[in-house]
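Please keep the sequence and the structure in view while reading.

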Amino acid sequence: MLMRCGHQHRFSSSAPDQSNDDETLAPDRKFSFDAASLAARGYLRSQKPYYPVNGVHKQVLGICSQLIKSSNPDTPFKDASTKFQVLAQCSKTLKHAVPNSLMHKITNIRELVTFYETPVNTSVPLDMMKDMDLPKNLHVIYKYNRFHPETDTKFGGVSAFTKDSTLIVGFKNKKRYPGHVARTTWPFQ
C-alpha cells in the first residue's frame, strides 16, 4: 500500500515546483540543479567525491590565462573549442571533470572557478550521522536487519506484514540485501 502511494505521488501529472531554490542553498553553492537532481534521484548519486585543494582558485585562473590569455572572472569563453580546451585542462590538472549536465551552465571563468571550489560530498545522510553529535534521546541503528523468509526462520519465514514485499530498487543495495516478493493469495507463506 505504501509503495503504491509513493509511486502515485512520484508519477503524478501535476507540474513540479519550478521556484528558484538558489536562496535556500549554501552561499558557496550557486547551481540550483543539485537540489532538483537530488530530489529526483535520491542520495545515492553516482559521482566521485571531490574536495577542492588549497589554491584551486589560482590553478583555474592560471589555466585560463594560459589558454585564453585572460584571468578576468567575467571573461566568457569565445567558442566551444576554447571552452573544451579549458575544461579538459582543468579536469586533467584537478582530477575532477565537469559533468555533462553542467557544461551549459559554465559560460565564464567565474562560474568555472565556482564549480571547482565547490566540494562534492557523496556520503549518504545515514552515514553522515555516524560522525555527528546526536541528541541523547535519538538512537540510530546503523546495521539494521531486513526480513527475508529464507533467512528469518524464527516464525517459519512468516512475516507480520504478510502481503508486503521487500523490494530493493537500487543496484548498489541489491548486492547488500536480497529482495523478497510476498504472495498475495492464501496461504501467505
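Is Lys 69 buried or exposed? Lys 69 counts as exposed, at 69% relative accessibility, where buried means under 20% relative accessible area, exposed over 50% and partly exposed in between, for a 1.4 Å probe and protein chains only.

## Basis of the report

The structure is a predicted model, in which local features need pLDDT of at least 70 and side-chain atom pairs count only at pLDDT 80 or more, while totals for chains, interfaces and linings use all residues. Residues are numbered from 1 along each chain as its sequence is written, and side-chain values use heavy atoms, with hydrogens and water left out.

## Overall architecture

The chain contains seven helices and zero strands, giving the pattern α-α-α-α-α-α-α along the sequence. Helices (H or I, at least four residues) and strands (E, at least two) are DSSP runs, numbered from the N terminus.

Of the 189 residues in the chain, 23% are buried. Among contacts (heavy atoms within 4.5 Å) in the chain with a separation of 6 or more, 53% are between residues 24 or more positions apart.

## Helix H5 and its cover

Helix H5 spans residues 109-117 and is mostly covered, with seven of its nine residues buried. These buried residues are Ile 109, Glu 111, Leu 112, Val 113, Thr 114, Phe 115 and Tyr 116. Their cover includes helix H3 (56-67) and helix H4 (80-94).

At the start of H5, a side-chain oxygen of Asn 108 comes to within 3.3 Å of the backbone nitrogen of Arg 110. Arg 110 itself is partly exposed, with a relative accessible area of 42%.

## The nonpolar core

A nonpolar core is a set of buried Ala, Val, Leu, Ile, Met, Phe, Trp, Tyr and Cys residues joined through side-chain atoms within 4.5 Å. The largest such core has 21 residues, and those touching the most other members are Val 60, Cys 64, Val 86, Cys 90, Val 98, Leu 112 and Tyr 116. Helices H3, H4 and H5 are the elements that give two or more residues to this core.

With neighbours within four places in sequence left aside, the contacts of Tyr 116 include Tyr 50, Pro 52, Val 56, Val 60, Leu 87, Cys 90 and Val 98. His 96 is another contact of Tyr 116 and lies in the loop between H4 and H5. His 96 is buried, at 12% relative accessible area. Under the same exclusion of neighbours within four places, His 96 is in contact with Tyr 50, Ser 91, Phe 115, Tyr 116 and Val 120.

## Salt bridges

The structure holds two salt bridges, each defined as a side-chain nitrogen of Lys or Arg within 4 Å of a carboxyl oxygen of Asp or Glu. One of them joins Arg 110 to Asp 74, with the closest N and O atoms 2.7 Å apart. This pair links distant parts of the chain, as Arg 110 is in helix H5 and Asp 74 is in the loop between H3 and H4, 36 residues apart. Asp 74 is partly exposed, with a relative accessible area of 47%.

A salt bridge also forms between the side chains of Lys 130 and Asp 127, at 3.8 Å from N to O. Lys 130 is partly exposed at 48% relative accessible area, and Asp 127 is likewise partly exposed at 37%.

## Positive phi values

Most residues other than glycine have a negative phi. Lys 69, in the loop between H3 and H4, has a positive phi near 60°. Lys 95, in the loop between H4 and H5, has a positive phi of about 55° although it is not a glycine. Lys 95 is exposed, with a relative accessible area of 72%.

## A nonpolar surface patch

Leu 167, Val 169 and Val 181 make a nonpolar surface patch of about 330 Å². Patches are made of residues with over 30% relative accessible area and no salt bridge, like charges being joined within 9 Å and nonpolar side chains (Val, Leu, Ile, Met, Phe, Trp, Tyr) within 5 Å. Val 181 lies in the segment after helix H7 (171-176) and is exposed, with a relative accessible area of 65%.

Methods: A polar contact is a pair of N or O atoms within 3.5 Å; within protein, one must be able to donate a hydrogen and the other to accept it, and residues adjacent in sequence count only if both atoms are side-chain atoms. Accessible areas come from the Shrake-Rupley method with a 1.4 Å probe; for residues, only the protein chains shown count as cover.
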